[in-house]
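Have a look at the structure, then work through the exercises one step at a time.

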Amino acid sequence: IFVGSLFITPSEKKNSAVVVNLKIQACERLLLYLERIQYPVLLKRIFMPGMTRDELLMSLVQNVQEELEHNLAQRLYVGEDTWLMIQMAKDEALGTINAAFVDNPDSDAASIAQLLVSSHNNMIDKAVIKIKVEFNSL
């Protein structure tokens with residue numbers, strides 16, 4: 001195949017298709033990560049009646065961190081600005097979680113869970129848009 005002044009061999013074309021597929025999969029996985037750390041989704045998965053405040057806090061923070069750790073390799077396939085937005089969404093999630101506990105020292109785990117369910121992470125919205133833009137440019 002001739003492209004401009006460059007010849008692309010069949011193996012290079014195949015490798016290019018492989019890389020594009022990996023980038024698509026990375027976008028999918030990172031979108032799933034962002035969905036999974038939204039407070040209603042996160043709490044539905046984590047919260048159990050009878051949890052203590054400390055158990056809830058530890059579980060929420062651990063889950064947000066572990067979810068990202070499972071997707072660290074996806075960083076290879078997205079732009080740095082996209083990855084930065086994902087990290088900012090994670091940081092906002094953790095900041096809101098910690099603030100809910102600090103700002104409500106007398107509330108039990110169920111009350112804090114209810115408070116978080118009604119909260120919104122704006123950085124998740126921005127990161128989703130960034131991923132979609134990157135995906136559409138593939």
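A salt bridge is counted when a side-chain nitrogen of Lys or Arg lies within 4 Å of a carboxyl oxygen of Asp or Glu. Side chains of opposite charge can pair when their charged atoms come close. The model you see is a predicted one.

**Exercise 1.** How many salt bridges does the rule give?

Solution. Applying the rule gives a count of four salt bridges. One of them joins the side chains of glutamate 67 and arginine 36, with 2.8 Å from N to O.

**Exercise 2.** Which helices hold glutamate 67 and arginine 36?

Solution. Start with glutamate 67, which sits in helix H3 (residues 53–69). Next, arginine 36 belongs to helix H1 (residues 10–36).

**Exercise 3.** Is glutamate 67 buried or exposed? And what is the relative accessibility of arginine 36?

Solution. Glutamate 67 has 12% relative accessibility. Buried means under 20%, so glutamate 67 counts as buried. For arginine 36 the value is 27%, and this residue counts as partly exposed.

**Exercise 4.** Which residue does the side chain of aspartate 91 meet in a salt bridge?

Solution. The partner is lysine 90, at 3.0 Å from N to O. Now check each side: lysine 90 is buried, with a relative accessible area of 11%, whereas aspartate 91 is partly exposed at 44%.

**Exercise 5.** What is the N to O distance between glutamate 80 and arginine 75?

Solution. Their side chains meet in a salt bridge at 3.1 Å. Arginine 75 has a relative accessible area of 37%, so arginine 75 is partly exposed.

Technical notes: Residues are numbered from 1 along each chain as its sequence is written. This is a predicted model: local features need pLDDT of at least 70, side-chain atom pairs count only at pLDDT 80 or more; totals for chains, interfaces and linings use all residues. Side-chain values use heavy atoms; hydrogens and water are left out. Helices (H or I, at least four residues) and strands (E, at least two) are DSSP runs, numbered from the N terminus. Buried means under 20% relative accessible area, exposed over 50%, partly exposed in between (1.4 Å probe, protein chains only).
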